[in-house]
Every structure is written in C-alpha cells, then in structure tokens.
Amino acid sequence: MVNIKDVARAAGVSVSTVSRVINNSASVIPEKRQAVLAAMDNLKYQPNSLARALVNSRSDCIGLLVGEIDSPFFGQLMAGVHRVVMAAGKHVIVTAGYHQADQERSAIRFMQERRCDGLVIHSKALPDAEIIELIERGVPVTLVNRLIPGHEARSVYLDNEFGAYLATRHLIRNGHQNIAYVGTNIAIEDGQSRVAGYQRALSEAGIELDERKIVKAFPDEEGGNYAMSEVMARDLGITALFAYNDAMAAGAVMMLQDAGWHVPQQVSIVGFDDVILARIIKPHLSTIRYPVNEMGALAAQLVLHELDPRFEINEHPLRFTPRLIERQSVRNITD
C-alpha cells in the first residue's frame, strides 16, 4: 500500500511538505505543490482522512443520527441533510439508534470517534441531560424533532399535536363521529402528542373519548395491520381511523381490504408523514404533511453555520407547521 513516504520520495520533497499539500497549507511553493500532486496521482495515493482530521481538527464530515435506516420517513431526513452538506463540500456519516438509549449513545460515540465536525441528531431515547452534556462540551449539535428547554435554538421540530388535531378534525368535518386511533407503542413524545391532538379534536366536537378505540403497536406496516385487526375484533362500529404514520395507515388499509372491507366507502383513513407510500397505495392516502426533508436541510444549515458563520441559513421558524394533504381515503358520510 502506498504511503506518504512513497509520495515524498517520488516528488523529491520532504514528508512534511507532502503533509502540508494534503492539508492545503499555503506555505508550499507552487512547483513543489504540483510535484506532490502529480506524485499522488501517479501513485494513486489516497490520504488518510482520519489522520487529516487529527491534524486539522476538521474531518469535513457531519454525523447524522436517525431512528431507523430502512424507514421512508428517515430516508427523507437523510436526503435533506445530505443535500445541504454535500453542497457545502462536506460528507455525511449516517448511523441509527432504533429508539434505544444504549444504541443512540453508541451511535453518537461512533460519530465522535470518526471526528465528525458537527452532529444532526434525531434522538428519542436519550435523556435530556446526556444531550445537554454533549452540547456543553462544545460539539456543534442540532436536534431534529426534539425540544430541550434552554436549547431551543438548536431544535428543529414539528407541532405534532396540531398535526394530529388536523387529521382528526378532517374526519369529523366529513361527518365521522366514531373514530379510532392506531398509534406507536414506543414511549416517545411524538406518540403522546398525537394522542393529545386526537383527543383535543374529539373534545372540541363534543365526542366522548373511548379508550377502546385507541390501539398501539410498532409503527410500521405490520404494526398497523395488527392494530387494525384488533380494532376490527373489538367490533366498535368505527367509520374512520387516524393512524400515527403512513406506514401504520398502509398496514390498516391492507388488513381492511384483506377482510373484504372497502376504503373509504366503509372506513375512512388519515395517515401522518406524507411519505411516498401515501401516494402509491390505493386508495391514495389523505395524510398530514411532515416536512422532514426541509427540516433536515435546516438542521444541517444550523450545524454548518455554527462551524463557519459565513455559511448562510434559510429564514424559517425552527418550529414547522404540519398541513393536511387530501387525497382519496376519506369519504364524506353526510352526502
């Protein structure tokens, strides 16, 4: 394997000169710089990025912690962060915590060991104190969809309760009074906020909350399928369903259709997130738009700006507002 000494020998310069060229130092005369670059090219030498990071205290990498790697939702978050970071001439190191404190902690440690210049973190399991400790150590950090008191300027988040309220109110305005909710069984504030929004819309309409109409499961297609089967087994006579996310909504649609039910003729459904799944299932899913791609982009901008104040930030409130996307999965039963 070619090393820095081989490059120095081929270029006829010292190892320190090669190091200065690699680190883009101005203190190298043009002739020697060209000789080093030519030698690196001829020998196909690739500098050790971690070693460079140790010298420069910069790796030109931003670390990104997501909840799950294989989720369409987190795919949009990754895309938003990646677009901004790549445009800035840097790279993204992605890892996942799977909503477990020990895995999130390990993932953050991994990114720090890779000398990431800054971190964009979607963490739901770690206590506030651990994240605050990370921030107070001087690490540039932006949080996605988490608000920590005293560190609001580092938080890019969505009004989850309002989104759930919009979804449930849409069903009520279409004549539905008997509305179930299938939600996440992961103990995170998103789930609590969406239950609160569902309850607020019911209360505002004078509809009494029936706890039997709330079923929780893992927030994916399989979980939605299971939760819908449980709702059906309880025989509560529902005409509508609000799902924690589009994946659970898709699972619910599949369960209903497999059982011979028709959506939206017999049961109307509203999801949450507006991932691509909502646009390809039949019927196309009415849902709540969660602008996670844009949120990821803003989070990346905040980290880059902290690293270099010359990097511009788009003017946008750190709290994003969800909006209703109407498609084909809701029927007005008053017509």
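User: Two strands pair if DSSP finds at least two bridges between them. How many bridges join strand β6 to β8?

Analyst: Four bridges join β6 (residues 179-184) to β8, and the two run parallel. Helices (H or I, at least four residues) and strands (E, at least two) are DSSP runs, numbered from the N terminus. This is a predicted model, in which local features need pLDDT of at least 70 and side-chain atom pairs count only at pLDDT 80 or more, while totals for chains, interfaces and linings use all residues. Residues are numbered from 1 along each chain as its sequence is written, and side-chain values use heavy atoms, with hydrogens and water left out.

User: Which residue in β8 stands opposite Val182?

Analyst: Ala243 in β8 stands opposite Val182. β8 is also joined to strand β9 (residues 268-270) by three bridges, again running parallel. There, Phe242 has Val270 in β9 as its bridge partner.

User: Which way do the residues of β8 point?

Analyst: From β8 (residues 240-243), Ala240 and Phe242 point one way, whereas Leu241 and Ala243 point the other way. All of these are buried, meaning under 20% relative accessible area, with exposed being over 50% and partly exposed in between (1.4 Å probe, protein chains only). In a regular strand the side chains alternate between the two faces of the sheet.

User: OK, the core. Which residues touch the most other members of the largest nonpolar core?

Analyst: Val81, Val120, Val182, Met228, Leu241, Phe242 and Ile269 do, in a core of 78 residues. Helix α13 (residues 292-307) gives the most to this core, with ten residues. Such a core is a set of buried Ala, Val, Leu, Ile, Met, Phe, Trp, Tyr and Cys residues joined through side-chain atoms within 4.5 Å. Another core lies apart from it, with 17 residues, among them Ile108, Met111, Val139 and Ile148.

User: Different topic. In what order do the six strands of the open sheet come?

Analyst: The order is β2-β1-β3-β4-β5-β11, with parallel pairing. At the edges are β2 (91-96) and β11 (319-320), each of which pairs on one side only. Further in, three bridges join β3 (residues 118-121) to β4 (residues 141-144), and these strands run parallel. Ile121 stands opposite Leu143 in β4.

User: And helix α8, why is it called largely enclosed?

Analyst: Because ten of its 14 residues are buried, α8 is largely enclosed by the rest of the structure. Among the buried ones are Asn160, Tyr165, His170 and Ile172.

User: How far apart are the end C-alpha atoms of α8?

Analyst: They are 20 Å apart, which agrees with the span that the 14 residues (160-173) should have at 1.5 Å a residue. The expected span is 1.5 Å times one less than the number of residues. After α8 comes Gly175, with a positive phi near 95°.

User: Where is Ala88?

Analyst: Ala88 is in the loop between α5 (72-87) and β2. It counts as partly exposed because its relative accessibility is 29%. Leaving aside neighbours within four places in sequence, Ala88 is in contact (heavy atoms within 4.5 Å) with Leu304 and Phe311.

User: Last one, the whole chain. What is its radius of gyration?

Analyst: The chain has 25 Å, but a compact globule of 335 residues would have near 20 Å. The radius is taken over C-alpha atoms, and the globule rule is 2.2 Å times the number of residues to the power 0.38. The C-alpha atoms fill a box of roughly 85 × 40 × 35 Å along the principal axes.
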